[in-house]
Amino acid sequence: MSNWLDDLTNEHIRTLQPYQSARRLFSASEGEQQLWLNANESPKAAPASIDYELFNRYPDCQPKDLIHAYASYAGVKDDQVIATRGADEGIELIIRAFCQPNKDNILICPPTYGMYAISAETFAVGVTKVPLKDYFSLDIEGIKSAVDDVNVVFLCSPNNPTGTCIDREQTLEVLEICKNKALVVVDEAYIEFRPEHTVTALLASYPNLVVLRTLSKAFALAGIRCGFTIAGSPIIETLLKVIAPYPVPAPVAQVALQSLSDDGVTHMRSRTAQLNTELDTLTDALSRLEGVEIIGKTNANFVLFRHDKSAQIMQYLVSKNLFIRDMSKQLRLDNCLRITVGTTQQNNKVLEAISMFLEQDDLRKEI
Ligand SMILES: *Cc1c(COP(=O)(O)O)cnc(C)c1O
């Protein structure tokens with residue numbers, strides 16, 4: 001980079017790297033069939049239609065019908081919901097509104113979703129780490145001793161990439177610890193796969209609770225970038241101060257609204273039921289492969305596993321144009337890979353490839 005531009009760039013930005021998605025790293029050569037089981041997307045799209053009649057006008061900042069539809073779906077009041085450009089923007093808004101650069105900190109419990117730390121870093125907000133304990137439960141004592149120096153605690157349930165849910169008791173303990181001190185954000189991006197675990201009912205008793213949701217996973221709409229943040233109305237009003245003027249594009253609002261219709265929700269439920277079954281089958285088959293250890297739980301749409309040869313497995317799959325996610329750099333997840341559940345056919349393809357690798361590896365040993 002030129003020196004003057006380097007000097008102009010904010011100090012905390014200079015050392016950052018752009019987000020490296022597998023899509024950026026492995027673009028397809030022409031005519032090649034690629035299989036993407038790396039980003040916890042739905043294997044099939046949900047049908048949608050677009051009406052362009054009002055595209056000459058700016059959309060509402062927060063389309064009323066969309067907010068109402070999501071609030072009804074989530075069982076909360078309209079003034080407890082804000083629509084964002086994916087749940088990722090919700091994370092960013094919370095950090096921008098509630099943390100001061102070069103002064104405040106967020107708390108995360110790794111291994112967990114990467115965007116909490118990434119968002120904090122882009123705003124020069126500190127990241128305090130209180131790692132998960134055995135069986136990926138929260139370290140309540142650790143959180144308690146760190147909480148005086150943090151403004152926001154990020155929890156993820158079901159957690160990406162461990163697939164574990166946080167015990168209700170533990171969530172309550174964190175909410176109590178943070179009372180009058182810090183916000184507790186519970187990221188429920190995968191809640192539709194285990195709806196009974198939602199904590200939205202606790203909003204009435206805990207004004208410091210924030211819940212993140214998205215249409216990217218169970219609703220099969222990662223491409224439209226639409227998420228929701230649910231919280232008490234004072235928190236929502238604060239977030240409305242920092243959000244962009246027109247954050248929900250009109251076509252996004254239309255498609256999102258269709259997905260939240262009775263029909264849309266019914267389809268979402270049958271899709272998640274089917275994926276839950278597929279995931280059980282995939283996990284079962286995977287666990288029977290030699291050297292494979294399933295890690296965490298399968299409460300979302302992915303399975304995490306450990307194998308001594310994880311790096312070679314990953315490399316082999318990439319050479320076959322099969323993309324899963326390498327999690328081995330994450331805390332306590334050495335040699336771990338994550339597979340997003342796909343269609344029966346897609347799951348079989350990746351399973352066959354892994355067993356093929358293991359067989360060839362055995363042969364190599366014998367020679
Ligand atoms: C995928 C994911 C998100 C982001 O969802 P978007 O709405 O697509 O931005 C947030 N949190 C977790 C835990 C996720 O896995």
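**Close-up 1. Arg 338 and the ring of Phe 302.** In this predicted model, the charged end of Arg 338 sits over the ring of Phe 302. The distance from that charged end to the centre of the ring is 5.6 Å.

**Close-up 2. Tyr 73 and Phe 219, one of the aromatic pairs.** Welcome to the aromatic rings: the structure holds 9 aromatic pairs. In the pair shown here, the centres of the Tyr 73 and Phe 219 rings are 5.4 Å apart and the planes meet at 80 degrees, so the arrangement is edge-to-face. Tyr 73 belongs to helix α4 (residues 64–74), while Phe 219 lies in the loop between β7 (209–214) and β8 (227–231), so the pair ties together parts that are 146 residues apart in sequence. Tyr 73 is partly exposed, at 22% relative accessible area, whereas Phe 219 is buried, at 1%.

**Close-up 3. Tyr 116 and Phe 154, a stacked pair.** Here the rings of Tyr 116 and Phe 154 are stacked, with 4.7 Å from centre to centre and 15 degrees between the planes. Look for Tyr 116 in helix α6 (residues 115–122) and for Phe 154 in strand β5 (residues 152–156). These two residues are 38 apart, and their pair links distant parts of the chain. Both Tyr 116 and Phe 154 are buried.

Notes:
Residues numbered from 1 in each chain as written. Predicted model: local features only at pLDDT ≥ 70, side-chain atom pairs only at ≥ 80, totals over all residues. Heavy atoms only, no water. Phe/Tyr/Trp six-rings, centres within 6.5 Å; stacked < 30°, edge-to-face > 60°. Helix = DSSP H or I, 4+ residues; strand = E, 2+ residues; numbered from the N terminus. Buried < 20%, exposed > 50% of the residue type's maximum accessible area, 1.4 Å probe, protein only. Lys NZ or Arg CZ within 6 Å of the ring centre and 35° of its normal.
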